[in-house]
Amino acid sequence: MEFEKPLPLQTPAATPFWKGLQDETVRLQQCDGCSHWVFYPRNHCPRCLESSLTWRDVSGEATLYSFTIARQPTAPHFADEVPQLLAIVELKEGVRMTSTLIHVEPEELRVGLPLEPYFDHVSNEVTLLRFTNNSDKTCE
């Protein structure tokens, strides 16, 4: 039996983020009041509560902050992705996000591994931000 993979719900506050991914660009919000980078998308800054946030294109370069290797499917929908490389990545701007790693061997994984964005166009409406190894760069 094949399962259709669940897709993320796109909230109005996050529309520029998802549109950016479709265009293969990573976009983050930055607070106009205190310059804090904001992720997940929202309507105000979590640091100073300023409601003026500006969307900015960023490189998407990141390092591996934490990870786990799921050798059993986390849900039936993901049986084709085993082992599933689940990660928390830290973008250069300091925000952390959960994602999955692709085109990386489990043996390569280590905290601090340099990563770059991989835009996974799963449908006409949804592009997922995943990450892959960027072995040309050294860990910072």
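What follows walks through the predicted model, from its overall build down to single residues. Residues are numbered from 1 along each chain as its sequence is written. Since the model is predicted, local features need pLDDT of at least 70 and side-chain atom pairs count only at pLDDT 80 or more, while totals for chains, interfaces and linings use all residues; side-chain values use heavy atoms, with hydrogens and water left out.

Start with the overall build. The protein has 1 helix and 8 strands, where helices (H or I, at least four residues) and strands (E, at least two) are DSSP runs numbered from the N terminus. Going along the sequence, the pattern reads α-β-β-β-β-β-β-β-β. The radius of gyration is 16 Å, close to the 14 Å that the globule rule gives for 140 residues, so the protein is as compact as a globular protein of that length. (That radius is taken over C-alpha atoms, and the rule is 2.2 Å times the number of residues to the power 0.38.) Along its principal axes, the C-alpha trace spans about 45 × 35 × 25 Å.

Of the 140 residues, 38% count as buried; that label means under 20% relative accessible area, with exposed over 50% and partly exposed in between (1.4 Å probe, protein chains only). As for contacts (heavy atoms within 4.5 Å), 52% of those between residues at least 6 apart in sequence join residues at least 24 apart. The protein also carries 12 positive and 20 negative charges, and their mean positions are 6 Å apart. Here Lys and Arg count as positive and Asp and Glu as negative, leaving out His and the chain ends; each charge is placed at NZ of Lys, CZ of Arg, CG of Asp or CD of Glu.

Now for some individual residues. Gln30 sits in strand β1 (residues 26–31) and is buried, at 13% relative accessible area. Setting aside neighbours within four places in sequence, the contacts of Gln30 include Trp37, Leu53 and Arg56. Ala79, by comparison, belongs to the loop between β4 (62–70) and β5 (84–91) and is partly exposed because its relative accessibility is 46%. Ala79 and Phe3 are 76 residues apart in sequence, yet their C-alpha atoms are 9.2 Å apart in space.

What about the cysteines? The structure holds 0 disulfides, a disulfide being a pair of cysteine sulfur atoms within 2.5 Å. For Cys45, the closest cysteine sulfur is that of Cys34 at 3.7 Å, which is too far for a bond. Likewise, the sulfur of Cys48 has its closest cysteine partner in Cys31, 3.6 Å away and too far for a bond. Cys45 is buried, with a relative accessible area of 0%, whereas Cys48 is partly exposed at 37%.

A cis peptide bond, with omega about 15°, joins Phe39 and Tyr40, and Tyr40 falls in the loop between β2 (37–38) and β3 (53–58). Another cis bond runs from Val82 to Pro83, with omega near -5°; Pro83 is in the loop between β4 and β5. Glu24 shows a positive phi, near 60°, without being a glycine. Glu24 lies between α1 (15–22) and β1, in a loop, and is partly exposed at 46%. His103 is not a glycine either, but its phi is positive at about 55°. His103 occupies the loop between β6 (96–101) and β7 (114–121) and is exposed, with a relative accessible area of 62%.
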